[in-house]
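Please take a moment with the sequence and the structure shown here before reading the briefing that follows.

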Amino acid sequence: MEKSQTNGTRGLFISFEGIDGAGKSTHIDALAQAFCVQGRVVKLTREPGGTVLAEKLRALVLTASMDAMTEALLVFAARRDHLQQVIEPALAQGLVVLCDRFTDATFAYQGGGREFSLETLTYLEQLVQTVQAPRGDFVRQPDLTLWFDLAPEIAAERLAGARLPDKFEAQPVTFFKKVASAYAKRCEADPTRFAVIAANQSREQVWRDVLIALQQRAYLS
Ligand code: TMP
């Protein structure tokens with residue numbers, strides 16, 4: 001799924017967001033298949049992670065105890081490496097990049113959940129995601145973000161009894177309420193980039209809504 005697509009097709013960057021337990025993973029795989037069927041080359045990746053270095057940072061962020069600023073700096077360091085090594089080259093080759101979480105997760109988890117300064121996160125976002133281009137620099141953002149919106153209480157029920165929770169999954173519902181509310185604010189601030197997917201429905205209905213969101217934007221036929 002990762003060979004280059006050099007026929008002039010424009011790269012497409014889609015991120016997937018939601019609180020832990022919102023059920024985005026199966027849909028990411030299904031969407032990768034749907035793009036492949038339509039002849040697109042897909043790069044499946046995730047944050048924090050996606051490169052050797054960023055996966056090492058992921059392991060630290062998900063297991064070690066640290067303050068919110070350290071967490072924010074580590075996820076942005078991982079993101080910088082991921083953008084440089086994987087995302088930008090893939091987009092330049094015209095691939096479809098499907099990324100399980102991106103910067104909205106930092107605003108939601110470190111900004112909302114941990115209550116870390118949104119101003120500092122905004123500064124880091126500009127710093128880390130600036131792309132130098134012949135027609136002028138710009139801040140890289142996904143073309144589309146699918147936000148799997150689910151009540152924290154339902155997500156907690158889904159997570160209960162699942163695999164051993166990581167540092168974030170082990171947080172109480174009150175933490176996830178703050179995370180969910182920060183996602184909602186990101187969505188309000190940039191409504192054209194976001195598609196809100198009601199994740200409390202059956203898996204089949206969620207998948208139908210994912211497809212509709214992609215078709216409405218003519219990303220899939
Ligand atoms: P995942 O298990 O869905 O891949 O997500 C990893 C965890 O890392 C998830 O609980 C959210 C958290 N996270 C942050 O706290 N900040 C970030 O910037 C990102 C990308 C993820």
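How far is an oxygen atom of the ligand from an N or O atom in the side chain of Arg101? The distance is 2.9 Å, in a predicted model where local features need pLDDT of at least 70, side-chain atom pairs count only at pLDDT 80 or more, and totals for chains, interfaces and linings use all residues. Residues are numbered from 1 along each chain as its sequence is written, and side-chain values use heavy atoms, with hydrogens and water left out.

**Ligand contacts**
- An oxygen atom of the ligand lies 2.6 Å from an N or O atom in the side chain of Thr106, and for the side chain of Asp20 the corresponding distance from a ligand oxygen is 3.0 Å.

**The shell around the ligand**
- The ligand is surrounded by 14 residues (a residue counts when one of its heavy atoms lies within 4 Å), and Asp20, Arg58, Arg101, Thr106 and Gln110 are the closest.
- Helix α4, a DSSP run of type H or I with at least four residues, gives the largest share of this shell, namely four residues.
- By class, the shell holds six nonpolar, two polar and six charged residues, where Ala, Val, Leu, Ile, Met, Phe, Trp, Tyr, Cys and Pro count as nonpolar, Asp, Glu, Lys and Arg as charged, and the others, Gly among them, as polar.

**Arg79**
- Arg79, which has its place in helix α3, counts as buried because its relative accessibility is 3%, and buried means under 20% relative accessible area (1.4 Å probe, protein chains only).

Methods:
Polar contact = N/O pair within 3.5 Å; in protein donor to acceptor, adjacent residues only side chain to side chain. Helix = DSSP H or I, 4+ residues; strand = E, 2+ residues; numbered from the N terminus. Buried < 20%, exposed > 50% of the residue type's maximum accessible area, 1.4 Å probe, protein only.
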